[in-house]
Amino acid sequence: MPISPSSLAQLPIRRLGVDDLLACADLSENRGWPREEHKWGLLLAAGTGYGIDDPSGAGLITCSVVTSYGPGLAAIGMVLVAEQYARQGVGRRLMEHVLAEAGDTPLTLHATPYGQPLYEQLGFTETGRAEMVRGRFTFAAPAPAVPVRPATAEDLQAILRLDHEVFGLDRTPVITRLPAFADHLRVAEEDGEITGFAAAWPNMDTHVVGPLIARDPGTAQALIASLAAATDRPLRTDIDVRHSALLSWLKENGLDPIAFNAVMVRSLPDLPGDWSRRFAPLTVAAG
């Protein structure tokens with residue numbers, strides 16, 4: 001039986017945890033997204049989830065996850081509304097709750113064209129764009145001969161320092177989960193110094209490349225090529241469109257464009273850190 005708009009507006013918003021993983025994956029599937037259970041597990045463990053239960057007991061009406069990087073920034077991701085409750089104000093209500101919970105903390109998200117108008121109404125502004133590409137890596141265009149090797153436990157502190165420097169904020173709670181979350185973690189090293197790192201983590205039938213932090217585009221290419229050589233799955237990644245040379249190289253190597261997302265911020269003029277060395281995010285916060 002349909003829920004009236006007044007009853008829908010009274011349903012409580014609650015915190016989500018790792019026990020809600022399957023319900024979140026079901027909601028992803030309901031909206032035509034991949035289930036992405038592995039990704040949901042990371043987000044719900046490292047971040048704070050919010051959702052509204054369907055009073056019929058059939059899972060969640062809506063959900064989202066916020067990953068905090070301290071008082072300087074939080075990322076909102078996986079904003080979903082069940083198809084049968086779309087365009088009834090549910091997504092707006094959830095986002096307004098998330099904004100109230102965030103208080104003065106600046107926020108960022110990756111917006112699909114569908115979600116961007118709502119986020120603009122809520123005070124977010126577009127500061128950039130990311131292009132999603134996917135395909136089987138062909139090695140048709142070679143990468144520069146930059147030394148790349150599998151990361152070890154001894155590399156973690158250097159990875160954390162480099163990530164903090166490039167990202168502009170401390171992502172320790174997320175980055176320290178990378179060795180267990182990713183199937184492959186690589187570092188680029190020259191003269192004893194780690195100049196970049198990248199991970200490939202399993203997502204349905206692909207390996208997603210991210211994060212990808214590198215001194216320059218050539219180092220980024222070498223890291224991706226090393227990850228591609230370690231898997232027989234298609235690769236998927238989201239690249240800042242300002243890195244046009246890297247995107248062209250990926251397309252030469254068999255990855256096709258899938259979608260564009262707007263990178264948006266609220267209460268900030270732009271994202272912190274050094275975008276020229278930040279090529280791909282750890283997870284895509286799209287909605």
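This is a predicted model: local features need pLDDT of at least 70, side-chain atom pairs count only at pLDDT 80 or more; totals for chains, interfaces and linings use all residues.
Let me begin with Arg242, which lies over the face of Trp275 at 4.2 Å from the ring centre; a charge is said to sit over a ring if NZ of Lys or CZ of Arg is within 6 Å of the ring centre and within 35 degrees of the ring normal. Residues are numbered from 1 along each chain as its sequence is written, and side-chain values use heavy atoms, with hydrogens and water left out.

Arg171 also has its charged end over a ring, that of Phe167, 4.0 Å from the centre. Phe167 in turn brings me to the aromatic pairs, where rings of Phe, Tyr and Trp (its six-membered ring) pair if their centres lie within 6.5 Å, with planes under 30 degrees apart counted as stacked, over 60 as edge-to-face and the rest as tilted. By this rule there are five aromatic pairs. One of them joins Tyr69 and Phe167 edge-to-face, at 5.1 Å centre to centre and with 75° between the planes. Because Tyr69 lies in the loop between strand S3 (60–68) and strand S4 (74–81), and Phe167 in helix H6 (residues 156–167), this pair ties together parts that are 98 residues apart in sequence; helices (H or I, at least four residues) and strands (E, at least two) are DSSP runs, numbered from the N terminus. Tyr69 and Phe167 are both buried, where buried means under 20% relative accessible area, exposed over 50%, and partly exposed in between (1.4 Å probe, protein chains only).

The rings of Phe137 and Phe139 have centres 4.7 Å apart and planes at 80°, so this pair too is edge-to-face. Is Phe137 buried or exposed? Phe137 is buried, at 12% relative accessible area, whereas Phe139, at 42%, counts as partly exposed. Together with Trp249, Phe137 and Phe139 form one aromatic cluster.

Turning to the whole chain, we find 10 helices and 13 strands, and of its 287 residues 54% count as buried. Along its principal axes the C-alpha trace spans about 65 × 35 × 30 Å.
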